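Visitor: I am new to this structure. Could you show me how to read it, one feature at a time?

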Amino acid sequence: VKGRLVVDRSKQRNYIEEGAATSPTVMTKSVLITAAIKVTEGRDVAVIDLPGAFLNAELDEVVHMVLRGKLAKLMVKFAPQIYRKYVTLGTKGEPMLYVTLQKALYGCLRSALLFYLKLVADLEGEGF
């Protein structure tokens, strides 16, 4: 069970209906049965992993995120002319940088669905 929180530590589920946040998945049993059939028929089977897959999907809503401490400092070090003026200090003096996401990010509730929709559109666009 995973819990996901938004900036004010409330749950994302309060803002997003369950059906609007999940991508289709298969049962492990189905994958194993299909693989067994393919092996019996002498077919090739391949598995791929797409590192950073969610970063390929554009968000379709405004999502704000806060970067705290070392991560906020790193952003300022990377591009001080862009980020320095937006850094504030939290109640404990830690640097905080509020950002607006442009791409889906692992941990966002709808990321898997957005990536799935993009993948399907790309595959259909290639004739699959």
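Guide: A word on the source before we start. This is a predicted model.

Visitor: What is the mean pLDDT of the protein?

Guide: pLDDT is the predictor's confidence in each residue, from 0 to 100. Here the mean is 80, and 80% of the residues reach 70 or more. Residues 1–5 are another matter: pLDDT stays under 50 there. For that stretch the model has ten contacts beyond four places in sequence.

Visitor: How many helices and strands does the protein have?

Guide: Count the elements, then read their order. The protein has four helices and three strands. Along the sequence the pattern runs α-β-α-α-β-β-α.

Visitor: In what order do the strands sit in the sheet?

Guide: Order in a sheet is read across the strands. Here it is β1-β3-β2, in an open sheet with antiparallel pairing. The edge strands are β1 (64–68) and β2 (88–89), each pairing on one side only.

Visitor: How many bridges join β1 and β3?

Guide: Five bridges, in the antiparallel sense, link β1 to β3 (residues 95–100). For one of the residue pairs, look at Leu67: its bridge partner in β3 is Leu97.

Visitor: Which helix lies across β1 and β3?

Guide: Helix α2, residues 70–78. For its direction, use the angle: α2 runs at about 95° to β1.

Visitor: What span should the 15 residues of α4 have?

Guide: Apply the 1.5 Å a residue again. The 15 residues of α4 should span 21 Å, and its end C-alpha atoms are 21 Å apart, in agreement. Gly127 follows α4, and its phi is positive, near 95°.

Visitor: Is Ser111 buried or exposed?

Guide: Compare the relative accessible area with the cut-off. Buried means under 20%. Ser111 has a relative accessible area of 1%, so it is buried. Ser111 lies in helix α4 (residues 111–125). In α4, Leu113, Leu114 and Phe115 are buried too. Beyond four places in sequence, Ser111 touches Phe54, Ala104, Leu105 and Tyr106.

Visitor: Where is Leu101 found?

Guide: In the loop between β3 and α4. At 17% relative accessible area, Leu101 counts as buried, because the cut-off is 20%. Leaving out residues up to four places away in sequence, Leu101 touches Leu59, Val63, Met65 and Cys108. Take Met65: it is 36 residues from Leu101 along the chain, yet their C-alpha atoms are separated by 7.1 Å.

Visitor: What share of the protein's residues counts as buried?

Guide: Now the whole chain. Of its 128 residues, 22% count as buried. The accessible surface comes to about 10,300 Å², and 59% of it belongs to carbon and sulfur atoms.

Methods
Residues are numbered from 1 along each chain as its sequence is written. This is a predicted model: local features need pLDDT of at least 70, side-chain atom pairs count only at pLDDT 80 or more; totals for chains, interfaces and linings use all residues. Side-chain values use heavy atoms; hydrogens and water are left out. Two strands pair if DSSP finds at least two bridges between them. Helices (H or I, at least four residues) and strands (E, at least two) are DSSP runs, numbered from the N terminus. Contact means heavy atoms within 4.5 Å. Axes are lines fitted to C-alpha atoms, for helices over the stretch in contact, and angles run from 0 to 180 degrees between N-to-C directions. Buried means under 20% relative accessible area, exposed over 50%, partly exposed in between (1.4 Å probe, protein chains only). Accessible areas come from the Shrake-Rupley method with a 1.4 Å probe; for residues, only the protein chains shown count as cover. The expected span of a helix is 1.5 Å times one less than its number of residues.
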